[in-house]
Amino acid sequence: MILILLGPPGVGKGSQANKIIDGFGVTHISTGDIFRKNIKEETELGLKVKEIIAAGELVSDDLTNELVFDRLSNETSENGFMLDGYPRNINQAEALDKWLSENGKELTKVIYIDADKDVLISRIAGRRVCKNCGATYHVVNHPPKEEGICDICGGTLIQRPDDNEETAKSRIEIYEEQTSPLVEYYTKSGKLQRFNGNNEIEEVYLEIENSLK
Ligand code: AP5
Ligand code: MG
């Protein structure tokens, strides 16, 4: 199974990805997570992308495509993989199509999750992530048992540098300009299915689960 998770910032791609991994055993490839890991470890790539990501802008296509194809070339999971946050514009989508066809692979489905803009902003502003293990919480929708502390590993919960309201708004604008044309791109190929991300996490997952069975 080869899946793409498509949707605006804060819609719940990462939250659904965790459930899809548990349910279907696919490998999760999130370009945002890979970039953040590199920033944390202060690698050469991390230093290159740190400022771009904090500003909510997109990393260059060349750098992102190379990173993804390198990761996919080493992908051995029997159940396939799920891309989260990639592709992010038509250029990346065309590059992915080319890579898939050159490697004899076919896209199974594009899971497109959408939600109202005010919902996105309040989700981004309330999100907290564990500094240690990366688990995601929300101060209202999905709070940890003890404020500021990760339920899973006891790590400290922090806010992503790109999660302030101003940067969130500009990330949503960039999404509308550059990423939302992918909805039409994948609708044309007949692979896209839309899910209502305004609903609760469990409800959204139930619909995705049924569509993948
Ligand atoms: P990336 O990490 O991909 O961020 P994003 O697309 O902005 O999406 P988010 O991770 O912010 O949101 P999400 O949809 O995963 O929501 P989540 O599940 O956490 O990219 C970050 C940056 O990296 C980019 O800005 C860019 O700079 C760079 N980058 C990445 N990929 C790139 C690419 N391909 N090309 C170029 N640059 C790239 O949920 C959000 C919150 O809401 C959480 O608190 C959660 O608990 C809560 N929540 C989730 N679902 C629900 C629900 N149904 N009901 C109630 N609360 C919910
Ligand atoms: Mg995410």
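Mentor: Gladly. The expected span of a helix is 1.5 Å times one less than its number of residues. Keep in mind too that this is a predicted model.

Trainee: How do you know that helix 1 is close to its expected span?

Mentor: Helix 1 has 12 residues, for which 16 Å is expected, and the distance from its first C-alpha to its last is 16 Å. Just after helix 1 comes Gly25, with a positive phi of about 65°.

Trainee: Which residues of helix 1 are buried, and what makes them line one face?

Mentor: The buried ones are Lys13, Gln16, Ala17, Ile20 and Phe24. Looking down the axis of helix 1, these buried residues fall within an arc of 105°, so they line one face of the helix. They pack against strand 1, strand 2 (27–30), strand 3, strand 4 and helix 9.

Trainee: Helix 9 is on that list. What are its length and its buried residues?

Mentor: Helix 9 covers residues 201–212, and its 12 residues reach 17 Å, close to the expected 16 Å. Its buried residues are Val204, Tyr205, Ile208 and Leu212. Their arc around the axis is only 95°, which puts them on the same side of helix 9. Among the elements that cover them are strand 1 (2–6), helix 1 (13–24), strand 4 (109–114) and strand 8 (192–196).

Trainee: Then is Glu42 buried or exposed, and how do you know?

Mentor: Exposed means over 50%, and Glu42 is at 60%, so it counts as exposed. Glu42 sits in the loop between helix 2 (31–40) and helix 3 (44–54). Its phi is positive, about 55°, although Glu42 is not a glycine.

Trainee: And what makes Thr167 buried?

Mentor: Its relative accessible area is 12%, and buried means under 20%, so Thr167 qualifies. Thr167 is part of helix 7 (residues 165–179). Not counting residues up to four places away in sequence, Thr167 touches Ala54, Ala55, Gly56 and Asp162.

Trainee: Let us turn to the aromatic rings. How many aromatic pairs does a search of the whole structure find?

Mentor: The search finds 3.

Trainee: What kind of peptide bond joins Tyr86 and Pro87?

Mentor: A cis bond, with omega about -5°. Pro87 is in the loop between strand 3 and helix 5.

Trainee: How do you know that Tyr185 and Tyr186 are edge-to-face?

Mentor: Their planes are 85° apart, with 5.0 Å centre to centre, and the cut-off is 60 degrees. Tyr185 is partly exposed at a relative accessible area of 22%, whereas Tyr186 counts as buried at 2%.

Trainee: Where do these two tyrosines come into the contact of helix 5 with helix 8?

Mentor: Pro181, Leu182, Tyr185 and Tyr186 in helix 8 meet Ile90, Ala93, Glu94, Leu96 and Asp97 in helix 5. The contact residues divide into 7 nonpolar, no polar and 2 charged.

Trainee: At what angle do helix 5 and helix 8 pack?

Mentor: Helix 5 (residues 90–102) and helix 8 (residues 181–188) pack at about 30°, and their axes are 10 Å apart.

Terms used
Residues are numbered from 1 along each chain as its sequence is written. Chains are lettered from A and ligands numbered from 1 in the order in which they are written. This is a predicted model: local features need pLDDT of at least 70, side-chain atom pairs count only at pLDDT 80 or more; totals for chains, interfaces and linings use all residues. Side-chain values use heavy atoms; hydrogens and water are left out. Helices (H or I, at least four residues) and strands (E, at least two) are DSSP runs, numbered from the N terminus. Buried means under 20% relative accessible area, exposed over 50%, partly exposed in between (1.4 Å probe, protein chains only). The arc is that of the directions from the helix axis to the C-beta atoms. Contact means heavy atoms within 4.5 Å. Axes are lines fitted to C-alpha atoms, for helices over the stretch in contact, and angles run from 0 to 180 degrees between N-to-C directions. Ala, Val, Leu, Ile, Met, Phe, Trp, Tyr, Cys and Pro count as nonpolar, Asp, Glu, Lys and Arg as charged, and the others, Gly among them, as polar. Rings of Phe, Tyr and Trp (its six-membered ring) pair if their centres lie within 6.5 Å; planes under 30 degrees apart count as stacked, over 60 as edge-to-face and the rest as tilted.
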